[in-house]
Amino acid sequence: MIGGVPETIDEIDARLLEALGEDPRATAVALAERLGLSRNTVQARLARLEQRGVLRSFERRIDPARLGYPLRAFVNAMVDQRRLAEIADALATIPEVTEVCGLTGASDLMVQVVAVDADDLYRIAGRILASPGVERTNISLVMRELVPYRLTPLLERVHSAHPET
């Protein structure tokens with residue numbers, strides 16, 4: 001960050017991330033050849049992107065259904081906001097909780113969970129509700145993913161802003 005503002009990526013970083021998104025197992029040499037860059041440049045940029053937190057966990061690529069958790073749901077929780085740290089710590093102990101986001105609006109937290117079946121989802125929801133500081137919950141079951149998590153259109157936008165590369 002520079003002065004509290006996150007650093008953005010340049011067009012070379014965008015091209016590198018696009019290529020990595022298309023082939024996550026590509027070596028630095030393969031990426032360098034594909035992009036017309038040196039291997040050292042690719043390795044240095046990848047290291048910098050990882051250090052800056054641009055490259056995050058590869059866990060997003062793992063399908064929970066393939067691990068035996070075919071149900072996905074969002075649990076909206078109303079909480080005692082003075083206890084957010086305690087609540088987050090408690091939710092982090094529940095293995096089926098895959099993400100927790102603080103929200104504005106009618107609910108305070110959006111807790112994404114995965115479950116084996118409806119009974120398992122009921123058990124998980126009970127654990128969330130039993131967490132200290134959680135006052136009320138509302139569950140929405142994911143019926144179908146219509147647009148999967150993606151960033152490629154944003155990377156393409158960065159790259160197309162600099163068509164000379």
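Start with the surface: Tyr149, Leu151 and Leu154 together make a nonpolar patch of about 310 Å² in this predicted model. Tyr149 sits in the loop between strand E4 (134-141) and helix H6.

How do helices H1 and H6 pack, in angle and axis distance? Helix H1 (residues 11-22) meets helix H6 (residues 152-160) at an angle of about 145 degrees, and their axes are 8 Å apart. The crossing of H1 past H6 is left-handed. On the H1 side, Glu11, Ala14, Arg15, Leu17 and Glu18 make the contact, while H6 brings in Leu155, Glu156, Val158 and His159. Sorted by class, that contact holds 4 nonpolar, 1 polar and 4 charged residues.

Now for the charged pairs. Side chains of opposite charge can pair when their charged atoms come close. The model has 9 salt bridges, counting a side-chain nitrogen of Lys or Arg within 4 Å of a carboxyl oxygen of Asp or Glu. One of them joins Asp13 to Arg45, with the closest N and O atoms 2.6 Å apart. Asp13 belongs to helix H1 and Arg45 to helix H3 (residues 39-51), so this pair ties together parts that are 32 residues apart in sequence.

Ile12 is in helix H1 too. Leaving out residues up to four places away in sequence, Ile12 touches Leu37 and Arg45. Ala90 is another story: it comes 78 residues away from Ile12 along the chain, and their C-alpha atoms are separated by 41 Å.

Here are some of the distances again:

| Pair | Distance |
|---|---|
| H1 and H6, axes | 8 Å |
| Asp13 and Arg45, closest N and O atoms | 2.6 Å |
| Ile12 and Ala90, C-alpha atoms | 41 Å |

Definitions and conventions. Residues numbered from 1 in each chain as written. Predicted model: local features only at pLDDT ≥ 70, side-chain atom pairs only at ≥ 80, totals over all residues. Heavy atoms only, no water. Axes fitted to C-alpha atoms, helices over the stretch in contact; angles between N-to-C directions. Helix = DSSP H or I, 4+ residues; strand = E, 2+ residues; numbered from the N terminus. Left-handed = near helix turned anticlockwise from the far one by under 90°. Contact = heavy atoms within 4.5 Å. Nonpolar A, V, L, I, M, F, W, Y, C, P; charged D, E, K, R; others polar. Patch = residues over 30% accessible without salt bridge, like charges linked within 9 Å, V, L, I, M, F, W, Y side chains within 5 Å. Areas by Shrake-Rupley, 256 points an atom, 1.4 Å probe, with all protein chains shown as cover.
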